[in-house]
Amino acid sequence: MNKRYLRLLVVTALLAVSYRVTVWMHDDHTDDDDTTTGFGSPPPPTPNRVAVDPSVEEDPGLGFSDEINHLGLPRGSSPPLPHLPLCPSFPPKLEGPLRIEFDWTRTMDDVHKESGPGLQEGGRFQPPDCISQHKVAIIIPFRNRAQHLKHWLYYLHPILKRQQLDYGVYVIHQHGNGTFNRAKLLNVGFVEALKEYAYDCFVFSDVDLVPMNDRNIYRCHDQPRHLSAAMDKFGFRLPYKTYFGGVVSLSREQYMRINGFPNEFWGWGGEDDDMYSRVMYKKMEVSRPDNRVGMYKMVRHARDLHNEENPHNAGKLGLTRLTMDADGINSLRYTLKHVTKHALYTMVTVDLHGPK
Ligand code: UDH
Ligand code: NGS
């Protein structure tokens with residue numbers, strides 16, 4: 001190849017990249033209108049560090065594969081140098097069983113100290129020395145649980161870092177005093193996290209649950225996973241075989257296949273059972289860690305206000321097969337109030353348009 005031809009090639013490649021950036025900048029990504037009317041294509045994320053791994057497959061296509069390649073880069077752009085190696089499948093610094101204590105009041109200062117260095121604003125982390133195999137958004141439904149969140153952040157950031165995940169923490173805060181809706185908040189988290197980065201895996205976690213073993217990796221598997229398989233409040237076993245509450249992980253594809261979670265379970269109870277049925281009806285299975293690795297400690301607390309047991313929820317469970325394709329991520333409506341970047345997490349405050 002002569003020098004002139006090579007120069008021509010380089011110029012053409014640069015023009016192609018700059019064209020894509022220009023098109024994206026002129027796309028309509030404004031936040032002026034704060035109503036989200038469903039799940040559209042998220043914008044391409046900020047280009048990131050990449051490792052070349054020929055074994056990773058292209059995204060099969062869920063609405064945003066035209067924009068983003070499997071490395072989280074806008075299509076057409078080339079990976080920046082230098083390359084880092086992929087992180088190993090078994091993170092080398094895991095400790096196994098952990099001692100978890102909730103019987104003291106943590107300040108944010110304690111939490112910051114424990115979280116250690118390397119976190120980016122909004123509770124984002126990428127391992128400094130290798131490219132993670134897992135881009136994980138951790139979604140926490142939230143209202144009036146500030147002390148629980150401190151415990152969660154205090155324990156989880158060090159664990160997630162040791163697990164060498166490329167992760168972000170999203171606390172989805174229900175605005176107002178209306179009836180709580182856990183599953184709808186989780187749907188909002190999925191959409192809002194994808195606006196920021198090409199996450200391929202989603203861990204949906206209650207704020208009051210901390211794993212007691214760091215070998216319980218906050219990643220996705222080839223089937224939806226129930227991570228909190230052995231909670232202390234249930235004597236370190238499942239309360240019933242189809243229990244799917246607490247902490248679960250689903251890949252983007254698995255989540256889209258079940259149309260996300262139900263939006264119509266207001267108040268306490270049943271939404272996790274509906275999520276389990278969705279997985280079954282779409283011919284997937286639930287995987288779980290064994291009872292030793294899947295141990296969790298829950299922060300003890302009283303029942304929350306405005307999240308009373310809803311007797312109608314149990315009755316809805318018999319209808320999941322009929323309702324799931326119409327009630328879910330494809331019918332999600334909410335109003336985004338604020339997105340605030342804290343040092344250790346991103347807080348998304350949202351009006352869920354609850355029943356009056
Ligand atoms: N949540 C909040 N605020 C609320 C309600 C729920 O942040 O007001 C979130 C939080 O992440 C919580 C999750 O939603 O962990 C699930 O809430 P839940 O009430 O379904 O489950 P939890 O295990 O409590 O927290 C069960 C009922 C407690 C009765 C205790 C009686 N001793
Ligand atoms: C079932 C609920 C689930 C709940 C589980 C454990 O009865 O949502 O108990 O509850 N299902 C229905 O109400 C239909 S717990 O012991 O954590 O309070 O997750």
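The following paragraphs describe the aromatic pairs of this predicted model and then the surroundings of its ligand. Residues are numbered from 1 along each chain as its sequence is written, and chains are lettered from A and ligands numbered from 1 in the order in which they are written. Local features need pLDDT of at least 70, side-chain atom pairs count only at pLDDT 80 or more, totals for chains, interfaces and linings use all residues, and side-chain values rest on heavy atoms, with hydrogens and water left out.

Across the whole structure, 16 aromatic pairs are found. Rings of Phe, Tyr and Trp (its six-membered ring) pair if their centres lie within 6.5 Å; planes under 30 degrees apart are called stacked, those over 60 edge-to-face, and the rest tilted. The ring centres of W104 and Y154 are 5.3 Å apart and their planes stand at 80°, so this pair is edge-to-face. Because W104 belongs to the loop between β1 (35-36) and α2 (108-115) while Y154 belongs to helix α3 (residues 146-162), the pair ties together parts that are 50 residues apart in sequence. Helices (H or I, at least four residues) and strands (E, at least two) are DSSP runs, numbered from the N terminus.

W104 is partly exposed, at 30% relative accessibility, whereas Y154 is buried, at 16%. Here buried means under 20% relative accessible area, exposed over 50%, and partly exposed in between (1.4 Å probe, protein chains only). Y154 also has R106 over its face, 3.8 Å from the ring centre. Such a charge is counted if NZ of Lys or CZ of Arg is within 6 Å of the ring centre and within 35 degrees of the ring normal. K316 is placed likewise over the face of F265, at 5.3 Å from the ring centre.

A stacked pair is formed by F202 and F204, with 6.4 Å between centres and 20° between planes. F202 is buried at 0% relative accessibility, and F204 is buried at 1%. Both residues belong to one aromatic cluster, whose members include Y170, F190 and Y255.

Attention now turns to the ligand. Around ligand 1 there are 15 residues, of which P141, R143, V207, D208 and H301 come nearest; a residue is included if one of its heavy atoms lies within 4 Å. By class, this shell has six nonpolar, two polar and seven charged residues. An oxygen atom of ligand 1 is 2.8 Å from an N or O atom in the side chain of D208, and a polar side-chain atom of H301 lies 2.9 Å from a ligand oxygen atom. Taken alone, ligand 1 exposes 670 Å², of which the protein buries 80%; these areas come from the Shrake-Rupley method with a 1.4 Å probe.

Note on methods
Polar contact = N/O pair within 3.5 Å; in protein donor to acceptor, adjacent residues only side chain to side chain. Nonpolar A, V, L, I, M, F, W, Y, C, P; charged D, E, K, R; others polar.
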